Amino acid sequence: MVLLYVLAFIVIVILAWIIAVSNRIKVMEVKIDEASSSIDVALEKRYSVLSKQMDIVKGVCSHEQKLLFESIKLRQGMNFDEQNEAIEKVTKLANGINALAENYPEIKTNENFAILQKSVNDTEEHLQAARRLFNSNVSSFNQYVVTFPNSIVAALVGKQQKTFFVADEQRKKDVDLSMDSVSNN
């Protein structure tokens, strides 16, 4: 009778251990899924933020380029009276630019480039952190499911090692931050 109790106790302990290991594996898988989702969020953020910021910079550059060309055109091939008239137009234009800059101080090319650079750095750091978290969770999971005796339970519930994050070709591509299309706007 005592032997029966001892065997029942051993079976209960083994079952409790199997359940505990199985639950730990499930929790670790949830962490991996969460970290994978964080990578997707970071990639979306990178594309969205950098694309929008680049559009702003391109627009401001295009606007400033247009103003510069217009002021140069005004001065070319003019007689004295036309130059005086052009000076008045340029003065009005400059006052308009100053008023625009006062009302919208963020519309300044050099500041937009600085903001773009900071955005690039911030989003890349966020993305790298998400990738590191994912790979860290995968590493913990893999270590857990290959170590004896956890490997027995992992095999029983059909769990194998997970693959570390490796970006596919589409995700490796950065957002196009070239200024080639500025003059085309």
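**Reading contacts and the core in a predicted model**

Modeller: Asn 150 touches Trp 17, Val 21, Tyr 144 and Val 145, leaving aside residues up to four places away in sequence, where a contact means heavy atoms within 4.5 Å. This is a predicted model, in which local features need pLDDT of at least 70 and side-chain atom pairs count only at pLDDT 80 or more, while totals for chains, interfaces and linings use all residues. Residues are numbered from 1 along each chain as its sequence is written, and side-chain values use heavy atoms, with hydrogens and water left out.

Colleague: Is Asn 150 buried or exposed, and in which helix does Asn 150 lie?

Modeller: Buried means under 20% relative accessible area, exposed over 50%, and partly exposed in between, with a 1.4 Å probe and protein chains only. Asn 150 has a relative accessible area of 12% and is therefore buried, and Asn 150 lies in helix H4, residues 150-156, helices being DSSP runs of H or I with at least four residues, numbered from the N terminus.

Colleague: Which residues have the most contacts inside the largest nonpolar core?

Modeller: In soluble globular proteins, nonpolar side chains tend to be buried together. A nonpolar core is a set of buried Ala, Val, Leu, Ile, Met, Phe, Trp, Tyr and Cys residues joined through side-chain atoms within 4.5 Å. Here the largest has 18 residues, with Ile 25, Ile 39, Phe 134 and Phe 141 having the most contacts inside it. Helix H1 (2-75), helix H3 (109-146) and H4 each supply at least two residues of this core, and H1 gives the most, with eight residues.
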